[in-house]
Amino acid sequence: MTVLLLGDEGSPLVEGLSGGCSGRDVFAPPVTSGPAERSGGGVCERPEPEAGWRGGGVTGCALRVAPPWRLVGSGGGMRLAAGALRAWRERFNFGGRDVAAWFPGHMAKGLRRMKETLRKVDCLIEVHDARIPFSGRNPAFQEALGIRPHLLVLNKMDLADLTHKARILTRLEQEGLKNILFTNCVKDENVKKVIPLVTDLVSSSQRYQRAENVEYCIMVIGVPNVGKSSLINSMRRLHLKKGKASRVGGEPGITKAVLTRIQVSERPLMYLLDTPGVLAPRIESVETGMKLALCGAIRDHLVGEDIMADYLLYTLNKQQQFSYVERYGLGEPSDDIESVLKRVALNLGKKHKVKVLTGTGDVNVIAPDYPAAAYELLRTFRKGELGQVLLD
């Protein structure tokens, strides 16, 4: 038997299925809404399946913006109009998850080698994601940062909401960080400032009995997937007119070789040591781990695409970033991840067969592909197509 789940307003997700074991198709009725209840100033709709139906349908409670409402602005700047009613979650429930112990062996080895090589290094460039300027920086670097000149590069500035730039700089300066540079390595934005800044830092500090050396040796450090290799490649493009020397990718763990020496400039003669991304042996909180995961510093499957997509939706709504509404044809903002992922799946035509065990036998259900929809939502966010966001 094949069951066809109906989409919004009764439209089928897929058409033309042939019969199953019973010789006929069974079409699931659309889910109907039960009594609406007020919750936090909004309308809480509890979808209730029709009597006698077992199978698909959206379960749980969806907090929705009560009409009338409208969006103002366009693209990543879309916000709710003044006076629109909101009912977003005030806190995110992590469901007892723990992402605080992901520290692969190559990270421990990399950190050990970095400390051993420190005496040969003139300066440190720490690269971090501009979307999380305060979260996820590895405290294990602090010992090294205290004894060498240090430049903090907040990369991927094109993806971050930099209307808060003054606040970011003030807080980082309060933490003792004086040399901070925002960059976008895709467009080489601000990358030309790196070598002059590093040169000034080294020349104004003791070179630890290495004054006879005419070359500069700089170590590039940071957590995974923040753009360390991209920064090196960008500097080579700008100063040497040469191509890539380091592999780059959209997921953590691309750079595994420890301390590869790469020339990035002739005058001054400067070499960078590319290093693998190293997370803290224990991440300070589950929420910090979730922010790192959203930025691609932790592999998705270790955290779970479902909860990552839900945390992303929670963050977008809290910051009134509603470009996902127009992109996926939702009609209005929603705080219910199931309904959002269902619409994303419908929008992309992502569906799959699910076998459901019933009292009368197995039933094949054509359902939205929620994992594929969650992956799409994360991928779109990471490309900056859901607007510029500051996760901290």
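Author: We begin with the general idea: a salt bridge is a side-chain nitrogen of Lys or Arg within 4 Å of a carboxyl oxygen of Asp or Glu. Please keep in mind that the model before us is predicted.

Reader: How many salt bridges does the structure hold?

Author: There are 12 salt bridges in the structure. Arg89, Asp310 and Asp335 are joined in a network of such bridges.

Reader: What is the distance between the closest N and O atoms of Asp310 and Arg89?

Author: In the salt bridge of Asp310 with Arg89, these atoms lie 3.0 Å apart. The pair links distant parts of the chain, 221 residues apart. Asp310 belongs to helix α8 (residues 305–318), and Arg89 to the loop between β7 (79–80) and α1 (105–117).

Reader: Which residue meets Arg89 in a salt bridge of 3.1 Å, N to O?

Author: That residue is Asp335. Here too the pair links distant parts of the chain, Asp335 and Arg89 being 246 residues apart. Asp335 is situated in the loop between α9 (323–327) and α10 (337–348).

Reader: Why does Asp310 count as buried?

Author: The general idea is a cut-off: buried means under 20% relative accessible area, exposed means over 50%, and partly exposed lies in between. Asp310 has a relative accessible area of 15%, and therefore it is buried. Asp335, with a value of 5%, is likewise buried. Arg89 has a relative accessibility of 23%, so this residue counts as partly exposed.

Reader: Which residue forms a salt bridge with Glu175?

Author: Glu175 forms a salt bridge with Arg171, and their closest N and O atoms are 3.4 Å apart. The same cut-offs apply to this pair. Glu175, at 44% relative accessibility, counts as partly exposed, and Arg171, at 39%, is also partly exposed.

Reader: May we turn to another residue, Val340? Is Val340 buried or exposed?

Author: Val340 is found in helix α10. Its relative accessibility is 0%, so Val340 counts as buried.

Reader: Which residues is Val340 in contact with, leaving aside its neighbours within four places in sequence?

Author: With those neighbours set aside, Val340 is in contact with Leu313, Tyr324, Leu330 and Ser334. A separation can also be read between C-alpha atoms: those of Val340 and Ala373 are separated by 8.9 Å, while the two residues are 33 residues apart along the chain.

Notes. Residues numbered from 1 in each chain as written. Predicted model: local features only at pLDDT ≥ 70, side-chain atom pairs only at ≥ 80, totals over all residues. Heavy atoms only, no water. Helix = DSSP H or I, 4+ residues; strand = E, 2+ residues; numbered from the N terminus. Buried < 20%, exposed > 50% of the residue type's maximum accessible area, 1.4 Å probe, protein only. Contact = heavy atoms within 4.5 Å.
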